[in-house]
Structure formats: C-alpha cells, structure tokens
Amino acid sequence: MSLLTVQQVSKAYKFHIGVFKSRKFFALKSVSLQVRAGEILALVGESGSGKTTLGKLVLRLEKPTEGKIFFDGVEVSNFGKEYTRYVSAVFQDPASSLNPRMSVREILEEPLMVHGYKDRERRILNALVDAGLGEEYLFRKPYQLSGGQKQRVAIARATVLEPKLLVADEPTASLDASLRKGILELFSKLRLKGISVLLITHDIRTVDYIADRVAVLYRGRLLELGTKEQVLKTPLHPYTKYLIQNIPAEHPSQRRTTQIVEAQANAEEVCPFYPLCEHKMDECKVELKEAFIDGRLVCCNIY
C-alpha cells in the first residue's frame, strides 16, 4: 500500500540573467514515485540531481511548481501542523540541527509540547532508548556528544512523535565510516517498527545495505526505479550503469582510471544524460520514453 505518492512533480526556480531578464531552472521535472508503508526507498544521484529538493517538497519546506504530493491519500497542502506528526526529518549535519543551548531532554520534549502530548516522559525515554542511547544522556547538551550520538539524538527527536514516514537527507554523510553502520542499522530497526523511510543519499553502499527499492535521479529527472537487487545488480539505464561503475573504491588498489565527467545538458535535450550517453539518438532531444521491464520503471529511448 502506498503511503506517499509523488505525482508528476516539477520544481522550478528563477534566476536572473540580466537586469530585467530571468530564466527558469527546473530542479525537478515530472517526477512520479511512491513510498510504500514499511519500506525504505532510497533516492540516489549525484549532487545537483534534485534529491534534496524532492525531500523539501515532501516535508512541505517548498511548494511544487507543478504536480501534487499525497500522504495517505490526502494532498499534503491540505494538512495543518498535524502533518509534522506523521512526517518527520533527519538532516545531514546533526551539529547544526540541534539547539546547542538545550539539553537532550528539552530537544526531545519540544515537538511533544508543540502537539500537546501529555505522556511526554514516557515518549522521550522510549525514543532515546530506541535510538540506542541511555537515560544518562537526557541532561547532556549537544557539545557533550560525539557525532554519532548527536545523530542518534536527531533521530530520536524525529521519531518521538511516532511518525509514519521519515525523510532522511544524507544522514551518515557527516559521520566517520565506523559510525555509519550503527546509524544504518537504526533505520532498519525503525522499518521493523512500521516507519517508512525516504533515504536521500549519493552513497551506493548505503543503499545496498538497507534499501528495499531505489529511485535514480539525474539533473531533476527520474531515470530508473526498481528493487535494490534489480537496480544495483542489473541496471538498465545508461546513467545507472555509469553511476555504479564509478563508485569510489574502498581501497586505493581498487581505484579505476575512469572518472565521472561533468557535462552540461542542452536545454533542447529532454534526456539530461544525453551528452554522456553512448546510446544517444536524435529522438532523445525531443522525447523520453517510459518503459516497465520486469516490474521496474526505466526512462530511456533504447527500451
């Protein structure tokens, strides 16, 4: 069953190209996807692919230029402040997202006070323990915590209201490799509790570790969507193959000589990967076809 539905969503920003002229830049273009109840859907792509923009739209921090977003069958713009009870966020840098003047207890209590919960002590302690921290952390302040502990507090704050969906934007990017595994295992535990996760990441290894399904974005376009096994083991879209082939090596001895090359897509080209694609055709400049192969979506004219 679909919990979150993104329906033909585009997001455009205006930028000035002169004193009196402006131009639209589409950070997202006609993106449609769903997050099912109790699953982890990973949004994957390079910087500038539109992942964070989509996360902001789901969190209602931005409004779509076109299209609609539904949560539990209701358009998100129709919700009031109760929406933050159902959909919560974990950001990349816990140091900047936690109030340095508050204790851990105050940080976790704040959303409960906003929504008028009475049994705050129980909820605070449950969220903290579920995040892997003990009661002794309640009266510590962020500067007294390690990076991994700060992120666990941020996750506890996000889950203290027992939301249905968690939007996690690069939640392990600011952490050492030794701490990432523990945070990822925490997300897996949240899934077992029935919390869906929209995981925004550029790290393919993170996706392989915990995701159920994968959505591949490039320059604002959704190019492939399928199960983790389908997308990572047998990718169909040329960009997905390109992305997986250029995963940074874990050890210097495993480094490849190929590198991801920056390329600017012409505004006339509908497929954003056209300049780098080995299979490009003239029709890619005017049309981008959708195909469903073995239950997965791929947007490419070679299929």
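Tyr218 is buried, with a relative accessible area of 6%; buried means under 20% relative accessible area, exposed over 50%, and partly exposed in between (1.4 Å probe, protein chains only). Tyr218 sits in strand β9 (residues 213-218). Helices (H or I, at least four residues) and strands (E, at least two) are DSSP runs, numbered from the N terminus. Tyr218 and Gly48 lie 170 residues apart in sequence, yet 7.8 Å apart in space, C-alpha to C-alpha.

This is a predicted model: local features need pLDDT of at least 70, side-chain atom pairs count only at pLDDT 80 or more, and totals for chains, interfaces and linings use all residues. Residues are numbered from 1 along each chain as its sequence is written, and side-chain values use heavy atoms, with hydrogens and water left out.

**Helix α4 against α6**

- The axes of helix α4 (residues 104-114) and helix α6 (residues 147-159) come within 8 Å and cross at roughly 25 degrees. Axes are lines fitted to C-alpha atoms, for helices over the stretch in contact, and angles run from 0 to 180 degrees between N-to-C directions.
- That angle makes α4 roughly parallel to α6. Angles under 35 degrees count as roughly parallel, over 145 as roughly antiparallel, 65 to 115 as roughly perpendicular and the rest as oblique.
- The crossing of α4 and α6 is right-handed. A crossing is right-handed if the near helix is turned clockwise from the far one by less than a right angle, and left-handed if anticlockwise.
- On the α4 side, the contact is made by Val104, Ile107, Leu108 and Pro111; on the α6 side, by Val153, Ala156 and Arg157. Contact means heavy atoms within 4.5 Å.
- The residues of this α4 and α6 contact divide into six nonpolar, no polar and one charged. Ala, Val, Leu, Ile, Met, Phe, Trp, Tyr, Cys and Pro count as nonpolar, Asp, Glu, Lys and Arg as charged, and the others, Gly among them, as polar.

**Helix α4 against α5**

- The axes of α4 and helix α5 (residues 120-130) come within 10 Å and cross at roughly 120 degrees. That makes α4 oblique to α5.
- α4 passes α5 in a right-handed crossing.
- From α4, Val104, Arg105, Leu108, Glu109, Leu112 and Met113 take part. They meet Arg120, Glu121, Arg123, Ile124 and Leu128 of α5.
- The residues of the contact of α4 with α5 divide into six nonpolar, no polar and five charged.

- Helix α1 (residues 51-58) is mostly covered, with six of its eight residues buried. These are Lys51, Thr53, Leu54, Gly55, Leu57 and Val58.
- Leu4 belongs to strand β1 (residues 2-16). Leu4 counts as buried, at 0% relative accessibility.
- Not counting residues up to four places away in sequence, Leu4 touches Leu33, Gln34, Val35, Val58, Ile69, Phe70, Phe71 and Leu165.
- Leu4 and Gly80 are 76 residues apart along the chain, and their C-alpha atoms are separated by 17 Å.

**Helix α9**

- Gln230 is placed in helix α9 (residues 228-233). Gln230 counts as buried, at 16% relative accessibility.
- Leaving aside neighbours within four places in sequence, Gln230 is in contact with Pro235, Asp294 and Arg296.

**Loop residues with positive phi**

- Asp72 has a positive phi of about 55 degrees although it is not a glycine. Asp72 lies in the loop between β4 (66-71) and β5 (74-75). Its relative accessible area of 36% makes Asp72 partly exposed.
- Glu162, also not a glycine, has a positive phi of about 55 degrees. Glu162 is found in the loop between α6 and β7 (165-169). Glu162 is exposed, with a relative accessible area of 52%.

**Cysteines**

- The structure holds zero disulfides; a disulfide is a pair of cysteine sulfur atoms within 2.5 Å.
- For Cys299, the closest cysteine sulfur is in Cys300, at 8.9 Å, too far for a bond. Cys299 is buried, with a relative accessible area of 6%.
- For Cys300, the closest cysteine sulfur is in Cys277, at 5.9 Å, again too far for a bond. Cys300 counts as buried, at 7% relative accessibility.
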